[in-house]
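Please keep the sequence and the three-dimensional view at hand while reading.

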Amino acid sequence: MQKEEQYIKRCLELAEMGAGAVSPNPMVGAVIVHDDKIIGEGYTSPYGGPHAEVNAVQNAIALLGEENAKCLFQQSTIYVSLEPCAHFGKTPPCADMLVSLQFQKVVVGCLDPFAKVNGLGIQKLREAGIEVVVGVLEKECQFLNRRFFTRISEFRPYVILKWAETKNGFFAPTEAEQKWISNTPNKQLVHKWRSEEDAILVGKRTALVDNPTLTNRLWKGKSPKRVLIDKNLEVRDDANLFLAQDSDLIIFNAKKTDWNGHLKYIELENFDLYLPQNILYQLYLMDVQSIIIEGGVKTIKLFMEAGLWDEARVIVGDTIWENGIPAPQINESAREKLLVGNNELKIYFKN
């Protein structure tokens, strides 16, 4: 079991390399082992491309030559962090490929909850006479794909709350002005987070006061879809949100529905009724698998009070204000506490 865990850990490391690129697919890593030696490895390509198992096979063929690699596969174990797919989607079923290459053994981190896979990939492998082991580092594999699992099981994106607060617990100034709390390293870290998620959301007040672009210009990779809650369309079209065209801007409002290039207005009937639920369901229908709720305090509390959050990342600055708007409160202990420069990062997960 120790060796199996070692190779699944490597699968998880590989899988993370696809963060921000594979959605709405899950992040998956695969490692091919022959006589305790890795002969091929891979992770899921950007959405629409080959899956981890295919990339691991191609990696082995590139290193060993096709004839030699295919011969070794019959005496090899392939380790995969998530159950091989069993259906035709953007690519053919990975389970069929593993059967055709006659792998000796397949070790799987966790089952795929998607209805067209869920156990069917394992079934195909076992019916072909391949030895299958399931559940190695299962919790770790499930945690890695918590975004994918949430979307499949709850029909909504995985929700990450993010805010900065002063050392004495203030979120923003009382007056309508912008005032920074976090340090420069944290700003770059936040842009890295943006590159890893599908969307980022703010409310009208944040758009008017801070005038953000919500792109990840301080980090590499794609910018997330930008989402704005603006009931009466009060944010002007010369705001930075509208001027930046790095990604779609989705405006949930009570006035109109109109899709024009990267601008997507979505009118919600009975706007104030089940607002967070309706927003998340609409985003789910648009294949948004994860979203960062970045502000302001009213917007964050809207999702918290509805119980619609999964993770919170709270940056605690080293400044103290005399007064201001109090930050939201989480009645749980932080799972992780990290120092980022002179700021503290607290990470919470909803029980």
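Does Lys 204 count as buried, partly exposed or exposed? At 30% relative accessibility, Lys 204 counts as partly exposed, where buried means under 20% relative accessible area, exposed over 50%, and partly exposed in between (1.4 Å probe, protein chains only). The model is predicted: local features need pLDDT of at least 70 and side-chain atom pairs count only at pLDDT 80 or more, whereas totals for chains, interfaces and linings use all residues. Residues are numbered from 1 along each chain as its sequence is written, and side-chain values use heavy atoms, with hydrogens and water left out.

Lys 204 forms a salt bridge with Glu 234, the closest N and O atoms being 3.3 Å apart; the term denotes a side-chain nitrogen of Lys or Arg within 4 Å of a carboxyl oxygen of Asp or Glu. This pair links distant parts of the chain, with Lys 204 in helix α9 (residues 204-210) and Glu 234 in the loop between β9 (225-229) and α10 (240-243), 30 residues apart. Helices (H or I, at least four residues) and strands (E, at least two) are DSSP runs, numbered from the N terminus. Glu 234 is likewise partly exposed, with a relative accessible area of 41%.

Ile 160 takes part on both sides: Ile 160 stands opposite Ile 292 in β13, and the bridge partner of Ile 160 in β14 is Glu 311. Eight of the eight residues of β6 are buried, so the strand is largely enclosed by the rest of the structure. In a regular strand the side chains alternate between the two faces of the sheet. Both faces of β6 are covered, with Tyr 158, Ile 160, Lys 162 and Ala 164 buried on one side and Val 159, Leu 161, Trp 163 and Glu 165 buried on the other.

Arg 151 forms a salt bridge with Asp 287, with the closest N and O atoms 2.6 Å apart. The two residues are 136 residues apart, Arg 151 in helix α7 and Asp 287 in the loop between α11 and β13. Arg 151 is buried at a relative accessible area of 13%, whereas Asp 287 is partly exposed at 37%. Just after α11, Asp 287 takes a positive phi of about 65°.

A second salt bridge to consider joins the side chains of Arg 156 and Asp 310 (2.8 Å, N to O). Arg 156 lies in the loop between α7 and β6, and Asp 310 in the loop between α12 (297-305) and β14, 154 residues apart. Arg 156 is buried, with a relative accessible area of 7%, and Asp 310 is buried, with 13%. The structure holds 19 salt bridges.

Helix α11 (residues 275-285) contains Tyr 281. In α11, Leu 275, Pro 276, Ile 279, Leu 280, Leu 283 and Tyr 284 are buried, whereas Tyr 281 is partly exposed, with a relative accessible area of 42%. Phe 155, Tyr 281 and Leu 285 form a nonpolar patch on the surface, with about 320 Å² of accessible area together. Patches are made of residues with over 30% relative accessible area and no salt bridge, like charges being joined within 9 Å and nonpolar side chains (Val, Leu, Ile, Met, Phe, Trp, Tyr) within 5 Å. Accessible areas come from the Shrake-Rupley method with a 1.4 Å probe, and for residues only the protein chains shown count as cover.

Another open sheet has five strands in the order β2-β1-β3-β4-β5, with mixed pairing. Its edge strands are β2 (37-43) and β5 (131-134), each pairing on one side only.

Conventions. Pairing = 2+ DSSP bridges.
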